[in-house]
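Here is a short briefing on a multi-chain model. Look at the structure first, then work through the points below.

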Amino acid sequence: MSEPISALNHASFSGIAMVEECGLQGMITLRGDLSDKVLAKAVKDATGQKVPAQREVLVKGDTGVAWMSTDELLVLVPYAEVEAKLADMAGALSGTHALAVNVSDARAVFSVSGPSAREVLGKVAPVELSAEAFQPGQIRRSRLAQVAGAFWMDDAETFRVVCFRSAADYVFNLLKVAAQPGSEVGVY
Amino acid sequence: MKHYSAFAVAREALRYHTGWERAWRSPEPKKRYDAIIVGAGGHGLATAYYLGKNYGIQNVAVIEKGWLGGGNTGRNTTIIRSNYLQDPSAAIYEKARGLYEDLSQDLNYNIMFSPRGVMMLAQTQHEIRGYQRTSHANALQGVKTEWITPERVKELVPIINLDGPRYPVLGALWQERGGTARHDAVAWGYARACSAMGMDIIQQCEVTGVRSRDGRVVGVDTTKGAIDCDKLGIVVAGHSGQLAEMAGFRLPLEAIALQALVSEPIKPCMDVVVMANTVHGYMSQSDKGEMVIGGGTDGFNNYTQRGSFHHIEETVRALVETFPMISRLKMLRQWGGIVDMTGDRSPILSKTPLQGCFINGGWGTGGFKAIPGSGWGMAQLMATGHSPLTEAFSLDRFKEGRFIDESVAAGVAH
Amino acid sequence: MSTRLAKQGRLIDRSKKVTFTFNGTSMQGYEGDTLASALLANDQMMMGRSFKYHRPRGVVASGAEEPNALVGLGQGNRFEPNQRATTTEVFNGLTATSQNHWPNLEFDIGAVNTALARFLPAGFYYKTFIHPKPFWKHVYEPIIRRSAGLGKAPDKDNRDADTYEHFYAFTDVLVVGGGVAGLQAAKAAAQSGAKVLLIEQTAHWGGRAPVDGGTVNGEPVDKFVEQLVSELETMGNVTMRSRCMGAGIYDHGYVLGYERLSDHTPGVQGPRHRLWRIRAKQVVTATGAIERSLSFAGNDVPGVMLASAMRDYVVNWGVTPGDRVIVATNNDDAYRTAITLKQAGVDVLRIVDARATAGPLAEEARQLGIRVDPGKAIAKVKGGKRVKKVAICNQEGVGGAREEVEADAVAMSGGWSPVVHLWSHCGGKLIWDEAHAHFRPDPDRPPLGADGKGFVLAAGSSNGPLALADVLKDADAAGKAAGKAVGHTPKRTKAPVGETTAEAPMEAVWLMPANADIQLRMKSWLDFQNDVKVSDVQLAAREGYESVEHTKRYTTLGMATDQGKLSNINGLAILADALESEIPKVGTTTFRPPYTPISMGAIGGEARGDVFQPIRRTPMHNWHDKNGADWEPVGHWRRTYAYVRPGESVHDAVNREVKNTRENLGLLDASTLGKLIVKGPDAGKFLDMMYTNMMSTLKVGKCRYGLMCSENGFLIDDGVVARIDEDTWLCHTTTGGAERIHGHMEEWLQTEWWDWKVYVANVTEQYAQVAVVGPNARKVLEKLGGMDVSKEVLPFMEWRDGKIGAFDCRAYRISFSGELSYEIAVPASQGQAFWDALIEAGKEFGVMPYGTECLHILRAEKGFIMIGDETDGTVIPQDLGLHWALSKKKDDYLGKRAHSRSHMADPERWKLVGLETVDGSVLPDGAYAVGEGVNANGQRNMIGRVTSTYYSANLGKGIAMGLIKHGPDRMGEIVEFPGTDDKIYKAKIVDPIFFDKDGEKQNV
Amino acid sequence: MLILNCPYCGVDAEETELAAGGEAHLKRFGPGSSEDEFHDYLFMRENPKGVHFERWRHANGCGKWFHAARCTQTLEVFGTYSAQTTEPPQEIKDAITAKRPGWTWRNLS
């Protein structure tokens, strides 16, 4: 193994919000019957979390699980542990109809933080991001201007934004433009 | 019909233009016509005109639900070109383009055909190959087009940005005798000429039913009463489905919204029509000075004449990238029209299951440029039962799997 | 002259002087001035020239409806044409230039059109310029184009210096318009608990009520506004934005807000404009009303102005447009202007009122010493660049028996029209209000939202009521109704009580005098900017252009940059009269967004330059970039076309890569190829439907090349499928195909075969994939060490997981070049390191990276088809000789039924062959082969075409593939391809496999 | 600019998150079907002015296909529902009937 490198190698930008590429995050796409107990146990074993409800994300640090669709979860584990966790999961699910694949390298992860973070995201995603409408614990899959993406909040002022690795450069530049100095909207 | 000329205008000026007569009469419908055309848009009026002019069939009514020229004829971006790839398309669009060349003189109405040239930019290798293919086909189809270099593009369009960071301009397919015309004038000119031949253009008259006997059309019911006819041409674009239903058959058409916009007028800065298909935008400058910009279509059925704004955004950002100076122009007006789309995005000019009833529709986003050719072919089809111009556009092509697909770049891959 | 008054000017700060230039002349204004008020203060009444006749034009309005005072603003890459002086806030260093004249504003050659106006009525160009034919394009049109247009084009050589952005906002209630109605509606809605967004196009709250005067709850209006604004500012559920115009209302509660952040402070940090994409559950349009002009001869002479605008200039900016003013009206409101002017010390010569009687304001005016002339009209305003004399006559009659008065300004009022634009954008309907002679929103036919219920409420004067008391009551009710409609309970508060002087009814006056003769009508302007006069509309009606749309288009009425805000109702009335019809029967033209023009920059938003569109990059993108990559966009991906070395042409580079890959070792970044995991007990059955081939029988560890067709039978994708385990397959797609084919599979799984147990995941970007190609491919892998890649352990069309060097990988023994070839997938995060390792280890084996053009040539030498080259959406597998890939064992797969239709089974279809020119040259791309004669449309008969054509450096000649009628049966025959260079290319039909026909090179 | 509620993830998604997928409830005709059946399956689309049933995908979202019942003249949305059905559920039909009494679409009413 050579040292793995994330798409933008921790690039960052500071404007009306701080935009940083977070580096590598272990991620497993898990598709299956979300009401299945075997699947629930596999998720619990890998992350310590229950199966999330619709649009729920249960995450602590770099471990957790996010609801992606009615038959899909995104399992988050430390990058170094992803192969081992995946193997465990595959083993646990071997008798059920499910699909677990490593997508850690297929994604890029950004954090957008600061008091204006909601506004930065509000410039690129067609989603209501007021504090009443969107809080930590929720995940939203949507559009980041012209590419698909997903985001949730680590805390009241910090977003975690996930996109495809090939679009990392675009999303970083996009967030930079959205966070350019002097562009506070003043609504959130 | 009073002849139009500079002399006539000068003579009328002396009496403060009080002597001008109606451009077309406003008659009540007769009991019977040899042929009825439903729809007084460009295609319908042109069909009537060539029925009279080419085949001497002048006992014709053109029935219009609203006002003549009030549909897509007056809502498009007025581009005229014939640099199509497939033989049948090239034939009918080139016929139309050729007729446009002399249409002002033919109709004695200045439709302002401006052969300023139409340019289709190639911005990927795939597009280069596609347009080179088109230029080869055009040479054999009698359509004069040529492949031009980026330098020539810049010469013709000084406001273009050749080296966009995303898609550099690699060349263009150039049709020198393509251009624009004044869209309303096309409808008005045909209407005036039809009226002068004695044809009746009946506006504000809606067709409510198609009457037939023994599988043959015999007339229509309208809000102004029943009218008999021997032949019926349905030329109603987005409303084709409704008329077909009245006539007892179905059409493979869907109605969707297409949008366009204009900027505020500025002094002349672009003398050709530019289409940039990779980034989905096209633009020309009208004689009034507005930048006329075509947008995209929605993906869903819609009869509202309002499209979704994100298509406007996509078009505008593409054009701002291609012509950076328009960033500081302003959008004056946006609008939408309902276009009728077929399964292969090519039109239908065809006989129908109902004898004596003909359909001309499905022009989708490209109808204006075809008006004279479409009318010419449709008149031939209605008068003689056959037209080489329309043959390939018949309804049965879908069943046979014989499509006329102009969007030949379906699969881009390496 | 127009000049600054000693007093008044509620919006200007006289302690802060601002210097700007107009046509190069330095002028001064105050902070708070608009460009129009500042120009008037400098006695610059003439601000532009009209569109058609180039007539001198002064400012006529004070807001968004201004048709005349358009200027070019700024310089260089911040220059912008056609900015309204009335909505431009002045700032230090502002540079403005007037438009549409040559050589200058004062003396314009184009003004000759004014003298010829009689010969240039509406639509004259349809009747003239017909002969001789070439003259339209080469003579007439260029003259017309140069004469038309307004401002100059922006800087073509430098990009716009400013940036723009979008913002998504969500609210319960959006209130458009920050006048008293909007403020009150916002408060009423907010008090119900609804979340409210209030936007106002100007920099000020309160609209024109503070100018018009009156009291609210016993206090002066401006006090009331102040209190209301500060109250709203403290409410947590209210957001207020000034300088933010409601530009358009669209379906499902979508509203565009156009915020001008730094137009008044150019160059400050941050975006210039922000386009708000607002989703509102309810919209209250409190957009006010616009005063109409009166149609009398010479109503376009600079110095003739709307009465309300003149009042605005006095009260808001302390400017009087003239010293000796005549007021012409058909309603009481204009008396307020007379009174305001008089009180400001301006000489008001008389009030010409077309009506017989006026209300109490007339008495007030008389008491101030203003002469009031009931039943009178303006026959004609005289003067060229400035009002000089006004001829007054009786309103009834043709305009005889005139009395001439020397004056330098005229205030006119034809009544008020509600701003119904936003109401109408999304389908709201209007009704005709006879009493006020205007169209107003029909509350029973509002725009309908997603739930089928109305989602727009009009409030205040935009809804019809004009008196302050009625406006406030109406707005309060609208705000409460909006709050209720979004599920809240409005507070049971009373509406504020407004009081103003009572007004007598207005009388509709569409022409002054009522029976003005033709000479007067030819000088009575309806549309100032586009030069449409009363006589033009009458001409259109006479010639049969009876529909309001016909008239508009024939005369260009309402098509100028103000979109008829002043002219439309007046024009309609003239048309209705000419048709002997009624105004509501004639109807209006369609109101379309935007309300006033919005910048293209704002519409494009952030999407320019770097972020115009996403560029997708592979993990090795930067290496390619540093090593001479000539980039090729493929979908959103960037792929290397060729790696060009210093001193090489692209063509040289391609030839070098082609030879080296065949002779030594080539590396291709194949990461962009789609990779889809398909898993489940029914995965085999599913893939058998997706592919024309049989995939369910593929053995674990093996690979198979597969084809995909649409239901319509056409080829849509191809790629190598590998079976990973008993119920898992990995499907490779083309570069552009990953998302498309993934979507295609999900579509069928979710919408047709939803009971089949299959999951699909797109893992394309998890891997960096490198094709290691050439005679030395095995050697370099063996040098790196690790898994056994020998012929025995990893034979052709098989795959194995393992390690190469330090890298975990999956190695596929597949070939798109006919060479010994491996495609190695490693995690994307190690892609660059793996590539580096291959380059390093490959040095002794002659390694070179190669790009997509080399890839193309190598595959063409082997006769392999390429989706997008040999296919174009109209080609079926049978055309390409791919019958072997169409499983005969399967009852069904997508496209199978389609292939049996008559045209697809037609033996006349063009079929794939190889083509070699007789002289070894390269066939032109896209050339067609010709047969005998012409078709019924006179087109040359074609019998085939070139699909791919290249120079093969390995073979030292041109090679091509093409589709030819009966091609496979015509081997050895010569066909002709006319080039666009007038040459005829002759080519021999050959087998499409040009190189290593027996596949000896790949099977080693 | 439509908003449709995605019945899978519960989001009120705006049009730019969605991909339109054409007419709903098409019955697939494969090998063995007649020329007319196959032609109609591929090309003959309902094109009503009024009530229409169509397919959408929450493409920039949960990725699921779903159905929508919508009016093509007013863009009113009567409801969205699962993609895994061959005809609209009764509650959708009831919702339409409440607003458009007498509606018909193919053989539905």
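C:L667 stands opposite C:V772 in strand 43 of chain C. This is a predicted model. C:L667 belongs to strand 37 of chain C, where it points the same way as C:L665 and C:D669.

- Strand 37 covers residues 665-669 of chain C, and 5 of its 5 residues are buried, so it is largely enclosed by the rest of the structure.
- C:G666 and C:L668 point the other way from C:L665, C:L667 and C:D669, and all are buried.
- Strand 43 (residues 767-773) of chain C runs antiparallel to strand 37 of chain C, and 4 bridges join them.
- Strand 47 (residues 847-849) of chain C runs parallel to strand 37 of chain C, with 3 bridges between them.
- C:L665 has C:V847 as its bridge partner in strand 47 of chain C.

**Chain C as a whole**

- Chain C has 25 helices and 53 strands.
- Its C-alpha trace spans about 115 × 70 × 55 Å along the principal axes.
- Of its 1004 residues, 64% count as buried.
- Take the contacts in chain C between residues at least 6 apart in sequence: 66% of them join residues at least 24 apart.
- The chain is divided into domain 1 (1-157), domain 2 (164-289 + 418-492), domain 3 (293-414), domain 4 (524-586), domain 5 (673-765) and domain 6 (907-1004).
- Domain 2 and domain 3 of chain C have C-alpha centres 32 Å apart.

**Helix 24 of chain C**

- Helix 24 of chain C takes in residues 831-842, 12 residues in total.
- From first C-alpha to last it reaches 16 Å, close to the 16 Å expected at 1.5 Å a residue.
- Buried residues in helix 24 of chain C include C:F834, C:W835 and C:L838.
- C:G831, C:A833, C:A837, C:A841 and C:G842 are buried in this helix as well.

**Backbone points to check in chain C**

- Most residues other than glycine have a negative phi, and most peptide bonds are trans.
- C:H131 and C:P132 are joined by a cis peptide bond, with omega about -15°.
- C:P132 sits in the loop between helix 3 (124-127) and helix 4 (135-147) of chain C.
- A cis peptide bond also joins C:P593 and C:P594, with omega about -5°.
- C:P594 lies in the loop between helix 17 (583-586) and strand 34 of chain C.
- C:N217 is not a glycine, yet its phi is positive, about 45°.
- The loop between strand 11 (215-216) and strand 12 (219-220) of chain C holds C:N217.
- C:N217 has 14 other C-beta atoms within 10 Å and is partly exposed.
- C:D996 has a positive phi too, near 50°, and lies in the segment after strand 53 (984-990) of chain C.
- C:D996 is partly exposed, with 17 other C-beta atoms within 10 Å.

**The contact between chains B and C**

- Of the 5 pairs of chains in contact, chains B and C share the most contacts.
- The contact involves 98 residues of chain B and 110 residues of chain C.
- Helix 5 of chain B gives the largest share of the chain B side, 11 residues.
- Other elements of chain B that each supply at least two residues include helix 3 (87-101), helix 7 (183-196) and strand 16 (330-342).
- The chain B side has 48 nonpolar, 27 polar and 23 charged residues.
- Strand 16 of chain B pairs with strand 34 (residues 598-599) of chain C in the antiparallel sense, over 2 bridges.
- B:M331 has C:I598 as its bridge partner in strand 34 of chain C.

**The contact between chains D and B**

- Chain D gives 18 residues and chain B gives 19.
- Strand 3 (19-23), helix 1 (35-43) and strand 4 (51-57) of chain D each give two or more residues to the chain D side.
- Helix 1 of chain D supplies the largest share, 4 residues.
- The chain D side has 7 nonpolar, 6 polar and 5 charged residues.

**Chain A**

- Chain A has 4 helices and 11 strands.
- Its radius of gyration is 17 Å, close to the 16 Å that the globule rule gives for 188 residues, so chain A is as compact as a globular protein of that length.
- Buried residues make up 56% of chain A.
- Chains A and B do not touch, and their nearest C-alpha atoms are 10 Å apart.

How values were computed. Residues are numbered from 1 along each chain as its sequence is written. Chains are lettered from A and ligands numbered from 1 in the order in which they are written. This is a predicted model: local features need pLDDT of at least 70, side-chain atom pairs count only at pLDDT 80 or more; totals for chains, interfaces and linings use all residues. Domain bounds come from an automatic or database domain assignment. Two residues are in contact if their C-beta atoms, placed from the backbone, lie within 7 Å. Ala, Val, Leu, Ile, Met, Phe, Trp, Tyr, Cys and Pro count as nonpolar, Asp, Glu, Lys and Arg as charged, and the others, Gly among them, as polar. Two strands pair if DSSP finds at least two bridges between them. The expected span of a helix is 1.5 Å times one less than its number of residues. A residue is buried if 20 or more other C-beta atoms lie within 10 Å of its own, exposed if 12 or fewer, and partly exposed in between; C-beta atoms are placed from the backbone. The radius of gyration is taken over C-alpha atoms; the globule rule is 2.2 Å times the number of residues to the power 0.38.
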